[in-house]
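User: I'd like to learn how to read a protein model. Could you walk me through one, feature by feature?

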Amino acid sequence: MRPILILQHHPVETPGVFAEMLSERGLATQTVRLDLGQPVPPDPSAFAGVIAMGGPMGVYEEDRYPWLPEEDRLLRAAIARDQPALGICLGSQLIAKAAGARVAPGPEKEIGWYPLTLSDDGRKDPLLAGFPARFEAFEWHGDVFDLPPGAVNLAGSARYAHQAFRMGRRVYGLLFHLEVTAPMVRVMADTFKDEVVALGDPSRTSAILADLDRRTPALNALARRLFSAFLALL
């Protein structure tokens, strides 16, 4: 099988549990570190699928991140081919933008643990089938997307109706994180601590780190369920 392309935008926002599963299955991957200036591949057809990870930048900051237009071009091509693609957090915003949706700062950041609710379509979706109708996920985003034209909304939160979507049969965007492990959450809380402080809630960091030994195994069980179904699309 052709390798799976992983687009990484920041050192700490790795594929986490997804990477563990790829290794367990012996699947070949090619990770492109856009934050290190590595070039975006010219053609998504060279890969079995595309995974776009998170990052602190905005999809509209092309003046600061010159690789954004090239990543947009790659994702547009993947969407046009209905190629298996999965975007996480920033990655979901990049896919939404490539599909023609508006992406912009939301009225309120979601940082920490939030309950999400599946839509009727989400309960029937191949990747989310078997999920509880209401589940907890980890979030770290300020930007949000409109539902792309032709997309199916799969899940939402109290603040944002569009937290997950599907384009065609094989292109997915998740605004939330399922793949983060407890060490990853701790590193993110430290790396992006200024962003947490700016929220003006002194208890927010403690809430982010609370009960990780219970929360992350439940989160990662959902990650494994979803990613197994995604790999079946390849």
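Predicted model: local features only at pLDDT ≥ 70, side-chain atom pairs only at ≥ 80, totals over all residues.

User: Let's begin with strand S1, residues 4-8: how many of its residues are buried?

Analyst: First the terms: helices (H or I, at least four residues) and strands (E, at least two) are DSSP runs, numbered from the N terminus. Buried means under 20% relative accessible area, exposed over 50%, and partly exposed in between, with a 1.4 Å probe and protein chains only. In S1, 5 of the 5 residues are buried. Ile4, Ile6 and Gln8 point one way, Leu5 and Leu7 the other.

User: Which strands does S1 pair with?

Analyst: Two strands pair if DSSP finds at least two bridges between them. S1 runs parallel to S2 (residues 29-33), with 5 bridges joining them; here Ile6 stands opposite Thr31. S1 also runs parallel to S3 (residues 49-52), through 4 bridges, and Leu5 has Val50 as its bridge partner there.

User: What do S1, helix H1 and S2 make together?

Analyst: A crossover is right-handed if, with the strands pointing away from the viewer, the path from the first strand over the helix to the second runs clockwise. S1, H1 (residues 17-24) and S2 make a right-handed β-α-β unit.

User: Which residues should I look at for positive phi?

Analyst: Asp82 has a positive phi of about 50° although it is not a glycine. Asp82 sits in the loop between H2 (68-80) and S4 (85-88), and is buried at 18% relative accessible area. Cys89, also not a glycine, has a positive phi of about 55°. Cys89 is in the loop between S4 and H3 (90-98) and counts as buried at 2%.

User: Why is H3 described as largely enclosed?

Analyst: H3 is largely enclosed by the rest of the structure because 8 of its 9 residues are buried. Among them are Leu90, Gln93 and Ala98.

User: What does the side chain of Thr216 reach?

Analyst: A polar contact is a pair of N or O atoms within 3.5 Å; within protein, one must be able to donate a hydrogen and the other to accept it, and residues adjacent in sequence count only if both atoms are side-chain atoms. Thr216, in H8 (residues 212-231), reaches the backbone oxygen of Leu212 at 2.7 Å with its side chain. Thr216 is buried, at 5% relative accessible area. Contact means heavy atoms within 4.5 Å; not counting residues up to four places away in sequence, Thr216 touches Trp113, Val180, Thr181 and Ala182.

User: Which residues of the largest nonpolar core touch the most other members?

Analyst: In soluble globular proteins, nonpolar side chains tend to be buried together. A nonpolar core is a set of buried Ala, Val, Leu, Ile, Met, Phe, Trp, Tyr and Cys residues joined through side-chain atoms within 4.5 Å. The largest has 50 residues, and Leu86, Phe135, Phe138, Leu178 and Phe227 touch the most other members. H8 supplies the largest share of this core, 9 residues. Apart from this core lies another, of 33 residues, including Leu7 and Ala96.

Notes:
Residues numbered from 1 in each chain as written. Heavy atoms only, no water.
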